[in-house]
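Work through the two exercises below with the sequence and the model side by side, and try each task before reading its solution.

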Amino acid sequence: MDIACSGRNQAFLKASRPCIFMAAPVGPWGIQVTGIAGIWLAPVLSGSSNAVAGARHHRLADLNMPADQFTTQKLIDDIEALRIDRGIDKWILNGVSWGSTLALAYAQAHPSRVLGLVLFAVTTTSREEVQWITETVGTIFPEAWDRLSKFARTHMPGYESGQLSLVEAYAQMLSSPVSDLREAASIEWALWEDTHISLGSERVLRDPRWKEKQFRHAMTRLTTHFWSHSGFCQPPILDQVELINHLPAIFIHGRNDVSSPAATAWKLHRSWPGSELQICEGDAHGGASMVEHWTAANLKMLDLAS
């Protein structure tokens with residue numbers, strides 16, 4: 001998990017204000033959090049070279065690391081520790097994909113420290129969203145989902161009997177002390193991840209990072225761990241929007257995003273009267289048009305902050 005952490009393996013660079021705080025799923029630790037003074041750096045924006053950055057080098061792929069060290073509240077605490085350490089009074093939150101869940105959860109915990117939010121490929125990691133991405137979307141990719149579920153039925157009696165959901169079954173397999181089971185389960189989950197983001201492509205494009213075993217084990221365990229707990233967001237984010245819907249917010253989502261359908265962004269927007277929702281018709285879970293909108297949204301938020 002690559003995340004800002006005050007007092008624990010920290011590596012901060014000096015930054016001035018106003019500041020954009022970025023949460024996005026990348027790298028072998030799943031979450032990268034970066035605060036940028038003024039303007040977020042390329043590829044999206046350019047203009048400032050000062051960054052706030054930190055690292056939590058505890059990897060969920062390490063079975064000796066207790067899973068309870070990896071919850072959304074732990075990440076929120078680390079983000080707040082970074083803010084305090086850097087002397088930042090308030091900042092703009094950016095969130096990409098699962099990072100938008102983290103940005104929303106942080107904002108609900110510390111609304112007085114947020115100037116505004118820009119969310120890209122919006123998620124809240126609700127039980128319904130997890131159900132969709134792990135099971136319901138199998139109606140679009142029946143061959144791939146049958147393979148994914150068959151592996152769970154074969155190795156997890158609890159899933160076969162209905163005591164476990166599919167994501168819970170994989171979370172348990174990916175935490176198993178049996179290395180061969182962890183390896184095989186991580187391969188199956190990685191194939192499923194590549195499949196459900198492939199809509200519109202002539203074939204499934206494999207992410208080359210899966211070839212690195214450490215990356216694959218960390219990412220698949222991290223994903224199933226958070227998803228099997230609905231992102232550790234209780235009460236659900238959509239049930240607490242009133243805590244933050246006074247803040248300016250811009251949501252950017254692709255119409256063709258089958259992994260995270262636009263319904264979540266729409267529900268969030270409807271419960272947030274002052275928010276803007278920008279649906280990019282030709283994009284999916286990212287795309288050129290979304291990046292253009294993202295650039296403009298951050299510049300708008302920076303103007304508001306100034």
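## Exercise 1: the second largest pocket

In this predicted model, 13 residues line the second largest pocket, and those nearest its centre are Ser126, Glu128, Glu129, Thr264 and Lys267. Find which helices give two or more residues to this lining, and describe the pocket by its volume and by the classes of its lining residues.

**Solution.** Begin with the secondary structure: the elements that contribute two or more residues to the lining are helix H3, spanning 127–134, and helix H9, spanning 263–270. Next take the space itself, which comes to about 250 Å³. Finally, sort the lining by residue class, which gives 5 nonpolar, 4 polar and 4 charged residues.

## Exercise 2: two β-α-β units

Follow the chain through strand E4, helix H2 and strand E5, and then through strand E6, helix H9 and strand E7, and state how the strands run and what handedness each unit has.

**Solution.** Start with E4 (residues 91–96), a mostly covered strand in which 6 of 6 residues are buried, that is, under 20% relative accessible area. E4 runs parallel to E5 (residues 114–120), to which it is joined by 6 bridges, and within this pairing Asn94 stands opposite Val118 of E5. With helix H2 (residues 98–109), E4 and E5 form a right-handed β-α-β unit.

Then turn to E6 (residues 249–254), which runs parallel to E7 (residues 276–280) and is joined to it by 5 bridges, with Gly254 standing opposite Cys280 of E7. E6, H9 and E7 likewise form a right-handed β-α-β unit, and its helix H9 is one of the elements giving two or more residues to the lining of the pocket in Exercise 1.

Note on methods
Residues are numbered from 1 along each chain as its sequence is written. This is a predicted model: local features need pLDDT of at least 70, side-chain atom pairs count only at pLDDT 80 or more; totals for chains, interfaces and linings use all residues. Side-chain values use heavy atoms; hydrogens and water are left out. On a 1 Å grid over the protein atoms alone, a cavity is a set of points where a 1.4 Å probe fits but cannot get out, and a pocket is an open set with protein on both sides within 12 Å along at least five of seven lines; lining residues have an atom within 4 Å of a point. Grid points are joined across faces, edges and corners, and a volume is the space filled by probe spheres set on the points. Helices (H or I, at least four residues) and strands (E, at least two) are DSSP runs, numbered from the N terminus. Ala, Val, Leu, Ile, Met, Phe, Trp, Tyr, Cys and Pro count as nonpolar, Asp, Glu, Lys and Arg as charged, and the others, Gly among them, as polar. Buried means under 20% relative accessible area, exposed over 50%, partly exposed in between (1.4 Å probe, protein chains only). Two strands pair if DSSP finds at least two bridges between them. A crossover is right-handed if, with the strands pointing away from the viewer, the path from the first strand over the helix to the second runs clockwise.
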